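Have the viewer open as you read.

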Amino acid sequence: MSGDTIAAIATASGKGAIGIVKVSGAKSHEIAKLITHQNLQPRQARYTPFYNAEGQTIDHGVALYFKGPDSYTGEDVLELQSHGNHVLLDQLLEAAAKAGARAARPGEFTERAFLNDKMDLAQAESVSDLIEASTADAASAAVRSLQGEFSNHVADIREQLLNCRVYVESALDFAEEEIDFLQDSDLADRFAKLNETVKQLLARSQEGILLRDGISIVIAGLPNVGKSSLLNRLTGQDTAIVTDIAGTTRDVLKEEINIDGLPIHIIDTAGLRNSDDPIEQEGVRRARVQIDQADRILYIVQADKPYENSLLAELPVHIPISKVINKADLTPEIASDSETIIVSAKTGWGIDQLREHLKQCAGFEKTPEGALMARRRHITALTNVQAHIHAAHQSLVKEGAGEIAAEELRVAQVQLNLITGEFTSDDLLGEIFSRFCIGK
Ligand SMILES: Nc1nc2c(ncn2[C@@H]2O[C@H](COP(=O)(O)OP(=O)(O)O)[C@@H](O)[C@H]2O)c(=O)[nH]1
Ligand SMILES: [Mg+2]
């Protein structure tokens with residue numbers, strides 16, 4: 001248990017019906033006494049006045065006391081629920097400070113929960129993902145991970161890994177004659193099952209990451225091909241100014257839509273052309289910056305002049321491009337290949353196919369068991385685990401090299417432990433929790 005007692009406002013800023021100040025640490029009960037003038041019993045809500053250090057009433061509200069280890073952080077915890085006004089909450093915080101608490105750092109309550117074994121690191125991280133979730137699907141994925149579903153699968157992989165290690169290492173220790181790993185069907189089954197478990201967890205976690213982060217798509221093309229019209233059509237809103245004057249859009253416009261729960265950040269840009277107008281030149285410069293950072297470019301041409309000044313050669317080669325022919329309503333026949341999507345931003349024709357295409361490009365497939373919220377570091381670790389398992393299996397069946405296989409399995413296990421935080425450096429912990437909001 002950490003020595004000091006921390007306090008923070010736990011509710012969002014702004015006015016609301018209720019605002020909460022949270023306190024955690026050994027002094028919680030004493031602080032409760034100083035603020036409420038009552039001897040609070042664990043887990044019993046008490047409606048009471050809240051007093052400042054001078055004995056003046058700050059507000060009336062509900063005080064809740066949890067005795068550690070049966071609390072969120074595992075320490076003694078106090079929750080003061082007052083009216084949701086920051087003037088009051090600041091006074092409550094000050095009263096807690098005068099009674100011996102210090103201001104909590106971002107994520108410090110959850111960090112303590114992790115340090116006191118109330119949850120593992122992957123669960124702690126999903127607390128933040130749950131708070132940040134912008135769609136119902138992302139929230140469900142975060143809840144699953146918070147409940148430990150992700151961690152349970154990691155534990156399952158750990159156990160299977162351990163079994164494989166024991167198997168290989170004991171074969172090494174006790175075998176009198178050369179072991180024929182290749183003929184050992186039991187071993188092959190173990191590796192196949194292990195590999196499948198890792199693969200499934202990776203798929204569900206990748207879906208979770210997509211649900212949280214989505215993908216960013218920039219709309220690019222010549223002036224007047226209908227880029228802004230397409231943005232408006234996709235968002236269903238009249239955000240961007242549309243005119244028949246080339247060079248209308250100069251600023252970068254960003255909107256977010258979601259397709260079946262997948263967030264897509266759509267960016268409309270100035271049409272790419274050489275211009276004498278310094279404002280438009282700046283618009284084109286900004287457009288190129290956005291294009292360079294996108295996950296995908298929607299390259300728009302118009303149906304009545306599809307080959308006019310192709311810009312394809314100007315677009316960055318490292319970013320995937322989807323070619324879209326717009327203004328399909330203008331020409332009855334459009335020559336295109338199967339890769340090209342044909343739409344009319346004006347009538348809405350083809351927009352559903354475009355949405356479907358975006359979903360496919362993102363690799364967004366709903367796994368039957370549902371997504372699990374995860375971090376990129378988890379994906380990296382799981383991918384490494386997968387590679388080391390593969391290497392172990394290969395060295396067994398191809399070279400009969402038991403020692404190398406055992407070492408590969410050991411390294412796989414180290415990678416796995418990084419996920420749930422068994423052996424995690426303080427730097428990494430600091431980085432993870434500093435991104436939390438204060439009061440969580
Ligand atoms: N007929 C037709 N006109 C369109 C379509 N999409 C856009 N336009 C027109 O093309 C012109 C340029 O549109 P805008 O969205 O401003 O193009 P941007 O410069 O690429 O952003 C406007 O007059 C739009 O009304 C379409 O699908 N069909
Ligand atoms: Mg425009």
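You will find Asp117 in the loop between helix H3 (108-115) and helix H4 (121-132). Its phi is positive, near 65°, although the residue is not glycine.

Some ground rules: this is a predicted model, in which local features need pLDDT of at least 70 and side-chain atom pairs count only at pLDDT 80 or more, while totals for chains, interfaces and linings use all residues. Residues are numbered from 1 along each chain as its sequence is written, with chains lettered from A and ligands numbered from 1 in the order in which they are written. Helices (H or I, at least four residues) and strands (E, at least two) are DSSP runs, numbered from the N terminus.

## Domains

The domain assignment, which is automatic or from a database, gives domain 1 (6-117), domain 2 (131-210 + 371-420) and domain 3 (215-361). Taken over C-alpha atoms, the centres of domain 1 and domain 2 are 42 Å apart.

## Helix H2 and its cover

Helix H2 (residues 86-98) has 13 residues and spans 18 Å from its first C-alpha to its last. That is close to the expected 18 Å, where the expected span is 1.5 Å times one less than the number of residues. Leu89, Leu92, Leu93, Ala95 and Ala96 are buried in H2. Down the axis of H2, these buried residues fall within an arc of 155°, so they line one face of the helix; the arc is that of the directions from the helix axis to the C-beta atoms. An α-helix has 3.6 residues a turn, so residues three or four places apart point the same way.

What covers the buried residues of H2? Among the covering elements are strand S1 (6-9), strand S2 (16-24), helix H1 (28-36), strand S3 (46-51), strand S4 (57-66) and S5. After H2 comes Gly100, with a positive phi near 120°.

Val77 belongs to strand S5 (residues 77-84). This residue counts as buried because it has 24 C-beta neighbours inside 10 Å. Beyond its neighbours within four places in sequence, Val77 is in contact (C-beta atoms, placed from the backbone, within 7 Å) with Lys22, Val23, Ser24, Ser28, Phe66, Ser71 and Tyr72. Lys22 is 55 residues away along the chain, yet its C-alpha atom is 7.3 Å from that of Val77.

In the loop between S4 and S5 sits Pro69. A cis peptide bond joins Gly68 to Pro69, with omega about 5°.

## Around ligand 1

Which residues come nearest to ligand 1? Of the 20 residues around it, they are Gly226, Lys227, Ser228, Ser229 and Lys346; a residue counts as near if its C-beta atom, placed from the backbone, lies within 6 Å. Helix H8 (residues 227-235) gives the most to this shell, with 3 residues. The shell divides into 5 nonpolar, 10 polar and 5 charged residues, where Ala, Val, Leu, Ile, Met, Phe, Trp, Tyr, Cys and Pro count as nonpolar, Asp, Glu, Lys and Arg as charged, and the others, Gly among them, as polar.

Asn224 lies in the loop between strand S7 (215-221) and H8. Its phi is positive, near 75°, and Asn224 counts as buried because it has 20 C-beta neighbours inside 10 Å.

Note on methods:
A residue is buried if 20 or more other C-beta atoms lie within 10 Å of its own, exposed if 12 or fewer, and partly exposed in between; C-beta atoms are placed from the backbone. Two residues are in contact if their C-beta atoms, placed from the backbone, lie within 7 Å.
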